[in-house]
Amino acid sequence: MTTPDASRQADEHADLWLAPAELASWMSVVRLITRLPWALDAQLQRDAELSMVEYMAMAMLAEAPEWTLRMSVLAERTSSSLSRLSHLVKRLESRGYLRREPDPSDGRFTNAILLADGMRKLESAAPEHVAYVRHLVVDNLSNERLRRLGQDAERILQRIDSPVR
């Protein structure tokens, strides 16, 4: 038999634990956020000799005006630290895909610039990568479910990016 105090304590801490259905859903999300980046990275390494973050950095630069972004902006868009991005850009520079130079509008900043060889590399990697993304995610969901997944991801990202209150 449970004492009133033990019962009250259990009720007070009930919100600390996930219900079985919540736990099952959460574990699916954990497996997805762990395995999807690994699968995408493995495909890019195998087919294009690029890591996922290298591909993302080059894709972000390809979409930017004059194929140029400040390193700090590129770090934010690729969810990388400046230190990690600096190492990544150095690798891509050594392969002739990018270059760095001081920002002409403010020399305190450094710009990353996608070069023509980098754009060619990105364009050659994109078809197989997009096909794989379609295979794993896009074609696996209805248009409505994909739209909802995107909305749900954005809602979670907003929570991550907002300061704790």
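Which residues lie nearest the centre of the second largest pocket, and how many residues line that pocket? In this predicted model, the second largest pocket is lined by 21 residues, and M52, M56, R77, T78 and S79 are those nearest its centre. Two or more lining residues come from each of α2, α3, α4 (71-77), α6 and α7. The biggest contribution is that of α3, which supplies six residues to the lining of this pocket. By class, the lining of the second largest pocket consists of 13 nonpolar, three polar and five charged residues. The volume of the second largest pocket is about 810 Å³.

The largest pocket holds about 1,100 Å³ of space. Its lining is made up of 23 residues, with L32, I33, L36, L149 and A153 lying nearest the centre. The elements that contribute two or more residues to this lining are α2 (20-48) and α7 (143-161). Of the elements lining the largest pocket, α7 gives the most, with 11 residues. The lining of the largest pocket divides into 14 nonpolar, four polar and five charged residues.

Helix α3, which gives the most residues to the lining of the second largest pocket, also packs against another helix. The axes of α3 (residues 52-63) and α6 (residues 116-136) come within 10 Å of each other and cross at roughly 115°. The crossing of α3 past α6 is left-handed. On the α3 side, the residues in contact are M52, Y55, M58, A59 and A62, and they meet G118, M119, K121, L122, A125, A126 and H129 of α6. Nine nonpolar, two polar and one charged residues make up this contact.

The antiparallel strands β1 and β3 (residues 110-114) are joined by three bridges.

Terms used. Residues are numbered from 1 along each chain as its sequence is written. This is a predicted model: local features need pLDDT of at least 70, side-chain atom pairs count only at pLDDT 80 or more; totals for chains, interfaces and linings use all residues. Side-chain values use heavy atoms; hydrogens and water are left out. Axes are lines fitted to C-alpha atoms, for helices over the stretch in contact, and angles run from 0 to 180 degrees between N-to-C directions. Helices (H or I, at least four residues) and strands (E, at least two) are DSSP runs, numbered from the N terminus. A crossing is left-handed if the near helix is turned anticlockwise from the far one by less than a right angle, and right-handed if clockwise. Contact means heavy atoms within 4.5 Å. Ala, Val, Leu, Ile, Met, Phe, Trp, Tyr, Cys and Pro count as nonpolar, Asp, Glu, Lys and Arg as charged, and the others, Gly among them, as polar. On a 1 Å grid over the protein atoms alone, a cavity is a set of points where a 1.4 Å probe fits but cannot get out, and a pocket is an open set with protein on both sides within 12 Å along at least five of seven lines; lining residues have an atom within 4 Å of a point. Grid points are joined across faces, edges and corners, and a volume is the space filled by probe spheres set on the points. Two strands pair if DSSP finds at least two bridges between them.
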